[in-house]
Amino acid sequence: MKIPSTILARLWKRWDTRLSLVIVVFYAVAALYGEGTYQAARWQDQTPAYNQVHENHRYIPPAFVRCFLGDTGAVDRPFYLFGSDNLGRDVGQRLIQGTRIAFHVGIVTSLIAIPLGVLLGCLGGYFGGRCDNVVVWLCATVASMPGLLFILAIAMVAGKGLMGIYLGIGLTTWVSVCRNVRAEVMKHRGRTYVLAAEVLGYSHPRIMFRHILPNVSHIILIAFSIRFPASVATEVFISFLGIGVQSEPSWGIMINNARLRLWQGVWWEMTFVTLAIFFLVLAFNHLADALRDLLDPALRNE
Amino acid sequence: MLLQVQQVSVAYPVRGGRPFFAVRDITFNVGAGESFGIVGESGCGKTSLAKAVMGLLQPASGRILFEGQEVSGLKGEAFKAYRRSVQMIFQDAVGSLNPRQTVLQMMEEVLRVHRMRPEGAIQSRVAELLELVGLPSDVLQAYPRELSGGQCQRVSIARCLALEPRLIIADEPVSALDVSVQARILNLIRSLQQELNLAVLLISHDLAVVRNICDRVCVMYQGEVIEHGSAIEVMDQPREAYTKSLLAAVPDVGRALGK
């Protein structure tokens, strides 16, 4: 397909979307690095750097603050770029691990929600009638439940940890994907090229997935760019509530952790985690907006 | 008889009312290699009739027979064979092609799905079909939006011919095209009809088009056939007032200029 390369080129042309792309790639690299250190530590059966406790390195402010204050450093007080937390762990290392978990959650929940939404949306939009009624009913039912409670319930059933979060978010957020895909497929259902494919004797699955789906693929790309940051934010919140990841430094856990000492002037952990979430979500949302602007008219012209 | 349409009616459900009959009790026959025209203003049920013949709509009553077999009773392989025997070209030439497929991809797809040729012979068959409809081979890599309306119509004719049909239903095949292109597409349809012994069921509101191609015609008005006969007879000595008014409505530049 030649569309993605031209879209990438058009995103690269504008400074704001280019910056968003750079930020997203930067996060992706950080997540990959985090995955590497995580796997390496597991393989060597060591406590990974981000979980190493240093009793005497607690609450060390970020390096640049100490430099600014004229602190030259001592043997027992090493420099941490982003400071250290209540157990003397490196906040920078933990931020990178948080990025890893954020990407895990964003990608896995999208892998659950998007195929589910696309499949149901295609079926409902293509066949219409009773099939469509079932899809609409399912969407309405899932959408009518308070999202967070539903996620919490699923996470409880699936057990604490990442699997619960994956399933919880994945099984609740397919609704918007499904609605968008369904509406778009319905629009294409009446187009002449679909009628022609039917007359040519193509099977329904072939028409649905080989003919209509490539024409609505922009919806899926946009859905991913919207779902990803939303899932990250939800994961942060669930982990903050203590239902999510265990013993891994997710951003939500870090915020929960940082909140305890915030009023004693330990501001860095909270600040950097919040900034990390802020920039990731901002960059992704900005890309999602730009993608929608780029893809919709481009397809209307065809 | 190749196609027999016997007292076919097509109805659309109306919410909270009696169904609307787009086509009422229509009967006609199309012989092998014959060209038959259906004329009428827009909204008279021509396209509904075409859809019923294609099996896209179930007729409310009446029977459609193809080579003596009832179309609505065909299932599975038999229906697929019917699809091969009867093909359709559409008014919206560009719109009838998938915007995400190149010409080569659509030609290959149709040949593969119906297993018209062994894998090795597909390329040569595609080239053969393009030549048959008068397209240069460099359109193969083009997407529909890169082609003109006339070229797209040629592609969709080639795609139909790939299935080696016995009957082609042409639903307003030229009315969305430029006048200069119209004549060329019509000539193509006529020459293919003679060359391949195709039957053509031509649907149009344009009497000149129908007269150009068809041996026999019927005139439809509000879902019913009001007149039928040989094309020349109906055009030159119309019996019904409606047919006369249709003929009179054909724009005549000479008359408009007062000559």
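Predicted model: local features only at pLDDT ≥ 70, side-chain atom pairs only at ≥ 80, totals over all residues.
**Ground rules**

I number residues from 1 along each chain as its sequence is written, with chains lettered from A and ligands numbered from 1 in the order in which they are written. Local features need pLDDT of at least 70 and side-chain atom pairs count only at pLDDT 80 or more, while totals for chains, interfaces and linings use all residues.

**Entry 1: chain A overall**

I began with the elements of chain A and found 12 helices and zero strands. I take helices (H or I, at least four residues) and strands (E, at least two) as DSSP runs, numbered from the N terminus. The C-alpha trace of chain A spans about 80 × 45 × 40 Å along its principal axes.

I then looked up burial and found that 41% of the 302 residues in chain A are buried. A residue is buried if 20 or more other C-beta atoms lie within 10 Å of its own, exposed if 12 or fewer, and partly exposed in between, with C-beta atoms placed from the backbone.

For contacts I use C-beta atoms, placed from the backbone, that lie within 7 Å. Among contacts in chain A between residues at least 6 apart in sequence, I note that 70% join residues at least 24 apart.

**Entry 2: domains of chain A**

I looked at where they meet: eight residues of domain 1 of chain A are in contact with nine residues of domain 2 of chain A. On the domain 1 side, helix H12 (residues 268-301) of chain A gives the largest share, three residues. That side of domain 1 of chain A divides into four nonpolar, two polar and two charged residues. In this classification Ala, Val, Leu, Ile, Met, Phe, Trp, Tyr, Cys and Pro count as nonpolar, Asp, Glu, Lys and Arg as charged, and the others, Gly among them, as polar.

**Entry 3: six-stranded sheet of chain B**

I traced an open sheet of six strands in chain B, in the order S6-S7-S8-S3-S9-S10, with mixed pairing. Two strands pair if DSSP finds at least two bridges between them. Strand S6 (86-89) and strand S10 (224-230) of chain B are at the edges with a single partner strand each, so one side of each has no neighbour in the sheet. From one strand to the next the twist averages 15°.

I followed the pairs next. S6(B) and S7(B) run parallel over four bridges, and B:Ile89 has B:Ala170 in S7(B) as its bridge partner. S7(B) is joined to strand S8 (residues 199-204) of chain B by five bridges, also in the parallel sense; here B:Ala170 has B:Leu202 in S8(B) as its bridge partner. Strand S3 (residues 35-39) and strand S9 (residues 216-221) of chain B pair in the parallel sense over four bridges, and B:Gly37 stands opposite B:Val217 in S9(B).

Helix H9 (residues 241-248) of chain B packs on this sheet and touches S3, S9 and S10 of chain B; its direction makes about 100° with that of S9(B). Axes are lines fitted to C-alpha atoms, for helices over the stretch in contact, and angles run from 0 to 180 degrees between N-to-C directions. Helix H5 (residues 149-161) of chain B lies across S6 and strand S7 (167-171) of chain B, at about 175° to S6(B).

**Entry 4: a closer look at S7(B)**

I checked burial along S7(B): five of its five residues are buried, so the strand is largely enclosed by the rest of the structure. B:Leu167, B:Ile169 and B:Asp171 point one way, B:Ile168 and B:Ala170 the other way, and all are buried.

S7(B), helix H6 (residues 179-196) of chain B and S8(B) make a right-handed β-α-β unit. The crossover is called right-handed if, with the strands pointing away from the viewer, the path from the first strand over the helix to the second runs clockwise.

Strand S1 (residues 3-12) and strand S4 (residues 61-66) of chain B are joined by five bridges, and B:Val5 has B:Ile64 in S4(B) as its bridge partner.

**Entry 5: where the chains meet**

I counted 20 residues of chain B in contact with 13 residues of chain A. On the chain B side, H2(B) gives the most, with three residues. By class, this side of chain B has eight nonpolar, six polar and six charged residues.

How values were computed. Contact = placed C-beta atoms within 7 Å.
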